[in-house]
Amino acid sequence: MATLGMHRDFLMEFAALEKPVQKRVFEVFEKFAAATHAGLHLEKLTHQKDPRLRTIRITDFWRGIVLKAESGDSYLLLKVLPHDKANDWAAKHRASVNEATQGIEIRNDVALERATAGLRALAADEPSRLFPASEYPDKVLRSLGVDEEILPIIRLVPDEAHLEALHKVLPEQQYDVLLGLATGMKPEEIDRELVQAYARTAVQSARASEGDELGTAMARSRGRIALVSGADELLEILQRPFDAWRVFLHPSQYRVAYQESYAGSARVTGGPGTGKTVVALHRAYHLARHLPSDAPDGCVLLTTYTKDLAAELQRCVELLITEDAVRAKIRVVNVDALANEIVRADRGGAPLKLVFDQKEITARWARIARRLNLDFTDVFLDQEWRHVVLAHAVATPEEYLKVLRTGRGSGLGPLKRLQVWRAVSAFEEQLRQAGEWTFLQVCAEAARVLDGSGERPFRHVVVDEAQDLHPAQWRFLRALVGSGADDLFLAGDTHQRIYGNRVSLRSLGVEVVGRSYRLRVNYRTTQEILAWSTALLTGEKPDDMDEGKETLAGYRSTMHGERPETTGHATKPEEMAALVAQVEKWTASGVEAEHIGIAVRFIQFGRDIVQALERAGISAFVLGAGRSGAGVRIGTMHRMKGLEFRCVAVAGVTDGTVPMKSAVTPVDVDAQQHQEDVNSELSVLFVACTRAREALRVSWHGTPSPFLAPVISGPRP
Ligand SMILES: Nc1ncnc2c1ncn2[C@@H]1O[C@H](COP(=O)(O)OP(=O)(O)OP(=O)(O)O)[C@@H](O)[C@H]1O
């Protein structure tokens with residue numbers, strides 16, 4: 001049977017075509033997929049660089065470009081272009097095989113020659129070199145797949161900006177390797193994360209057959225080339241061209257998601273937009289597909305922090321998994337809802353009375369402190385309860401006297417501890433008497449129920465946004481699945497921690513050492529937005545949930561665009577008027593309203609913005625209020641987690657609002673907690689900014705937030 005591959009570019013160009021042309025493309029290539037291509041007419045081109053390139057007529061105007069193996073029966077769909085552009089493309093491009101990964105690379109010889117001439121001219125006056133031979137010997141670069149043609153060119157590159165300018169010119173895998181080196185990755189890391197990852201995907205591909213060089217090279221090019229098994233699969237891919245993540249996993253994503261089995265728990269980390277959620281989805285799919293035949297439905301849990309994020313995961317599961325029987329094996333539900341269900345079932349099914357209003361909880365602590373005449377603030381007591389008592393599952397005063405209060409700033413002697421314990425007992429007793437629960441108590445109880453019965457309802461648990469979970473939630477997750485191979489798979493990024501839960505996984509029975517993987521390529525955001533947002537974090541050093549330090553080294557995007565815009569205004573009405581004008585500009589340039597997101601720190605400001613937009617005739621609504629469909633989306637920065645938009649405005653980034661005063665423990669109450677809270681507030685701004693795909697605009701009225709100092713006037717004070 002013929003081997004048919006589809007290049008990513010082909011899918012992207014297909015997505016941009018009008019519907020009738022798309023239909024023709026499908027008809028033409030369906031014949032390939034059905035392996036009856038003998039009757040198809042593949043034309044040679046007049047001035048082609050690569051003798052294996054052919055065009056195929058789609059309409060009078062459109063041509064497909066196909067790479068056809070000299071021997072064997074393999075075809076690669078490369079491009080869909082207007083016919084004159086197709087000729088021009090073929091006159092410049094050539095396919096070659098990467099020497100390290102054996103995958104296919106497409107190179108633009110003409111652009112390479114031009115770039116080399118430019119770099120030579122520059123090199124005469126510019127002595128600095130990004131890749132000096134003394135630091136990167138030929139041998140090392142060759143072993144990473146940099147070939148003889150590219151070596152002399154990259155020796156001339158003076159800095160990272162010039163390397164980035166070569167992005168579309170260099171063969172893709174070689175560019176990946178070089179950018180990795182330039183951004184601080186070590187050759188061994190690159191070998192492991194890129195080169196070996198490509199090679200491994202090839203071994204796993206059963207369709208690579210001997211003697212079929214093109215077929216084998218296609219199989220080694222996962223991430224850019226998808227092998228299509230038949231007309232149905234071709235249709236499946238073409239029907240949802242924007243969901244490229246379903247088919248084109250980067251090798252570094254693929255090897256994590258489709259690793260046959262992990263000896264225990266495993267974890268994937270990475271900056272925003274690196275595809276952690278995508279990997280979690282593919283992992284759940286892999287696990288569901290490889291269950292034994294007697295495994296019941298719903299025995300793979302895919303879970304996350306909030307209900308909204310779980311709903312989005314469910315939508316993606318439906319997109320990714322077309323086999324009903326496999327999909328049925330996966331249950332998607334957020335952690336708190338599942339814990340609630342388990343505790344309810346244990347208590348005969350009656351709904352639990354939940355207290356979730358933080359204001360109400362704080363007010364109760366205040367009343368207790370007053371009643372017991374204690375010299376602690378409501379905020380301090382509440383945090384002590386959540387971050388120490390519940391986090392360490394402390395049940396008695398003796399335990400509380402001994403517990404290590406890691407992460408809490410102010411020391412507490414035995415006398416003070418006993419005072420706090422009196423408050424904790426009173427608070428818990430009040431809840432008990434009213435038959436009330438907080439979410440964290442429900443999780444703790446659910447873990448207790450499971451541990452008590454020994455029941456482990458799931459075979460595998462996949463967790464997205466793992467950085468935000470509290471130790472009580474981790475204990476619950478740990479209790480959902482028996483310890484062993486592939487028990488827990490975690491996806492998360494400590495730089496985006498917005499709920500202030502610091503966790504040592506090991507202490508909670510989750511061991512990921514040696515099975516932790518980092519993703520580095522951002523698929524969502526442009527390099528400009530990414531670099532700008534990362535600068536916000538300067539000076540902040542989140543932990544990696546396992547007592548090490550997370551690093552953003554090598555984290556990058558392959559897309560480019562405008563620099564983010566920052567704009568200050570004298571008053572709130574002025575800021576809103578300018579925001580409305582910006583939204584009008586975006587919609588006028590063709591961005592649909594639903595692809596525009598506006599993030600604010602507190603929702604009342606969001607409601608004001610909705611009104612202002614509606615007065616200007618622009619449909620808009622607040623997220624989570626039950627509306628969907630057309631309209632600009634407005635939400636709190638917290639609510640933006642997990643979402644993405646073509647254009648994002650972050651508004652009201654004003655001193656006193658970001659960080660939000662009421663969300664930050666006063667320094668004199670607890671200095672360490674104060675810093676933690678400030679970090680959470682910074683993370684929440686970072687999360688909001690990194691939701692933007694193409695354009696980001698950040699505004700304020702009055703004095704700008706101190707968090708903006710690095711991007712508007714130098715280092716933060
Ligand atoms: N291999 C891929 N090919 C194409 N698109 C991809 C790929 N991987 C991820 N994406 C896209 O990149 C965007 C970000 O992916 P995803 O949401 O999984 O990232 P994330 O790391 O979970 O982000 P965050 O931490 O910010 O929530 C999504 O639009 C996703 O579809």
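Predicted model: local features only at pLDDT ≥ 70, side-chain atom pairs only at ≥ 80, totals over all residues.
Let's start with the layout. The chain splits into four pieces, and two of them, domain 1 (3-98 + 203-240) and domain 2 (251-343 + 455-522), are each built from two stretches of sequence. Domain 3 covers 357-437, and domain 4 covers 527-712.

Now for the ligand. It has 21 residues around it, and the closest are Pro272, Gly275, Lys276, Thr277 and Tyr523. Which helix gives the largest share of the shell? That's helix α13 (residues 276-289), with three residues. As for domains, domain 2 and domain 4 each put at least three residues into the shell.

Over to strand β24 (residues 692-701). Nine of its ten residues are buried, so the strand is largely enclosed by the rest of the structure.

| Strand | Sense of pairing with β24 | Bridges | A bridge pair |
|---|---|---|---|
| β19 (residues 565-569) | parallel | five | His569 with His701 |
| β23 (residues 645-650) | parallel | five | Phe645 with Ala692 |

To get from β23 to β24, the chain passes through helix α26 (residues 671-689), making a right-handed β-α-β crossover.

Technical notes
Residues numbered from 1 in each chain as written. Domains from an automatic or database assignment. Near = placed C-beta within 6 Å. Helix = DSSP H or I, 4+ residues; strand = E, 2+ residues; numbered from the N terminus. Buried ≥ 20, exposed ≤ 12 C-beta atoms within 10 Å, placed from the backbone. Pairing = 2+ DSSP bridges. Right-handed = clockwise from strand over helix to strand, strands pointing away.
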